[in-house]
Amino acid sequence: MKWVYRIIISFTFLSLMEGVENGCVSARFFNDSNQSQVRNIRLTSQKESVQVSRQKPPKVDFGLSKEYHDFVPHRPEVKQKKVKPPAPNQLYKQVKLLGINDLHGQLNVTRKVNGKPVGRVDYLAAYLKQREAENKNTLLVQVGDMVGASPPVSALLQDEPTIEFLNKMGFTIGTAGNHEFDEGVSELLRLIHGGTHPNTGNWKGSIFPWIVANVINGKTGKTILPPYKVIKVNGMPIGFIGVVTTETPRLVVQRGVVGIKFTDEVEAINRNVAELKKQGVKSIVVLAHNPGTSGSNGEKPIGQLVNIANRVDDEVDIIFGSHNHAYMNAMINNKLVVQAYSYGTAFADVNVEIDPKTKDIVSKQAEIVTTFQEGIEPDKEIKRQIEGYEVKVDPIINRVIGSTTVELTANQNESGEICNGRPHCGCTKKANEYRFCVDKPWRNKSRY
């Protein structure tokens, strides 16, 4: 029954992250290998209601839009005419950084952006390889939430397929997001370093390094992963520092992070910048699993990333963001801050120039690229990989475990709750509990 438990946990966690803002719980199901469909089931009958106790957390300045922890289907920047970047300065070393965030194991999921099919990692792979071919000095980076809250093709195999995808693509470095802690620190370290799991057997682990500077083992006083790593590209040293949101303990099962401290991101970054500066490293990139967003031209940037950019050492050149599945491409306090939506539907293409004399980044510019399926062929090797994992999970996901005589629709009420076509269903809030029912209208529209 372990696989049943894992399906329930995977679907429920997705729904909680996306639905709890409206005070309502839903379940997410994937009905085929190519496209995700949302089907929500009310967790009550006429005679019985389900109560979910939930402490109201203190107000946090996420600086986020209504798309928080959701998918953004309308992207104005893709309609803009692309501005050709200036010609490279031959006096400098040209380096490309390709970044993804919040993949959530969505290897075989197609979505739509501006009405066109987008996503699936075989298409993402084709885009990344195409951009990588433009510059032999290219590094691939990931900014957390690669796993967790993932569909069956990844979740039922302990998210090992997702790490295998990153391995095959040759990712250079990455950091942990809050979802990497969903099953606790031990499972996170198993995914990274390799080990045995009763559901999947032996696993070789990640072949690229993971870093996180603000997650401390309370007993040893040391970070659970290296806080930073220096990577040389064409002779130029680039320092990478990783951090994850300090909200993580409130977003994961508590027993998985017992004895682990999540410290202030800015303090952790600055402490490690000082170490890098002692080593003579002046090109510094932060992989921050923290939220933020901006307008399509970089205007009106908001969120934790803005605060981080304004407070970290001036030697930091670039900050890759994550967590709220949004667009960001802005210059803040002379730092380039980017985020590329979520689910493999986009990536950040960052081009920098490094002065070989000072070894410092002297110019930087970015493009957030949406992975439209139209006009590009999926990568054949990655497609075969996906198909292999689909075969493995097929007997599980196609086993009938229940039935319903009620049509499950995607109709929503004014609160965004999917109610199987019932126009007046909703939730009421009482004390610190959310009560779920089918026959009462929405009484409280405030967000938790």
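What follows is a short chat about a predicted model.

Visitor: What are the ground rules for this model?
Guide: It is predicted, so local features need pLDDT of at least 70 and side-chain atom pairs count only at pLDDT 80 or more, while totals for chains, interfaces and linings use all residues. Residues are numbered from 1 along each chain as its sequence is written, and side-chain values use heavy atoms, with hydrogens and water left out.

Visitor: Start with the cores. How many residues has the largest nonpolar core?
Guide: It has 52 residues. A nonpolar core is a set of buried Ala, Val, Leu, Ile, Met, Phe, Trp, Tyr and Cys residues joined through side-chain atoms within 4.5 Å. Buried means under 20% relative accessible area, exposed over 50%, and partly exposed in between, with a 1.4 Å probe and protein chains only.

Visitor: Which residues have the most contacts inside it?
Guide: Phe-165, Phe-181 and Ile-224.

Visitor: And which elements each supply at least two residues?
Guide: Strand 2 (93-100), helix 2 (121-132), helix 4, helix 5, strand 13 and helix 9 (380-397). Helix 2 gives the most, with 7 residues. Helices (H or I, at least four residues) and strands (E, at least two) are DSSP runs, numbered from the N terminus.

Visitor: What does Phe-181 touch, leaving aside neighbours within four places in sequence?
Guide: Ala-176, Leu-188, Val-215, Ile-224, Thr-248, Val-252, Val-257 and Phe-262. Contact means heavy atoms within 4.5 Å.

Visitor: What lies apart from the 52-residue core?
Guide: Another core, of 30 residues. Val-143, Val-233, Phe-320 and Ala-346 are among them.

Visitor: Back to helix 2. How many of its residues are buried?
Guide: 9 of its 12 residues, so mostly covered. Tyr-123, Leu-124, Tyr-127 and Arg-131 are among the buried ones.

Visitor: What about its span?
Guide: Helix 2 reaches 16 Å from its first C-alpha to its last, close to the 16 Å expected at 1.5 Å a residue. The expected span is 1.5 Å times one less than the number of residues.

Visitor: Helix 5 next. Why call it largely enclosed?
Guide: Because 7 of its 10 residues (184-193) are buried. They are Gly-184, Val-185, Glu-187, Leu-188, Arg-190, Leu-191 and Ile-192.

Visitor: What do they pack against?
Guide: Helix 4 (160-169), strand 7 (195-197), strand 8 (201-203), strand 9 (210-211) and strand 13 (260-262).

Visitor: What follows helix 5?
Guide: Gly-194, with a positive phi near 95°.

Visitor: Switching to charges. How many salt bridges does the structure hold?
Guide: 17. A salt bridge is a side-chain nitrogen of Lys or Arg within 4 Å of a carboxyl oxygen of Asp or Glu.

Visitor: Show me Glu-164 and Lys-204.
Guide: Their side chains meet in a salt bridge at 3.7 Å, N to O. Glu-164 lies in helix 4 and Lys-204 in the loop between strand 8 and strand 9, so the pair ties together parts 40 residues apart in sequence. Glu-164 is buried at 11% relative accessible area. Lys-204 counts as exposed at 57%.

Visitor: Where do Lys-278 and Glu-275 lie?
Guide: Both lie in helix 7 (residues 265-278), 3 residues apart, about one turn of the helix. Lys-278 is exposed at 68%, and Glu-275 is partly exposed at 34%.

Visitor: Lys-364 and Asp-317: buried or exposed?
Guide: Both are buried. They form a salt bridge with the closest N and O atoms 4.0 Å apart. This pair links distant parts of the chain: Lys-364 in strand 19 and Asp-317 in strand 15, 47 residues apart.

Visitor: Last one, Thr-370. What does its side chain make a polar contact with?
Guide: The side chain of Arg-75, at 3.2 Å. A polar contact is a pair of N or O atoms within 3.5 Å; within protein, one must be able to donate a hydrogen and the other to accept it, and residues adjacent in sequence count only if both atoms are side-chain atoms. Thr-370 is found in strand 19 (residues 360-370) and is buried at 6%.
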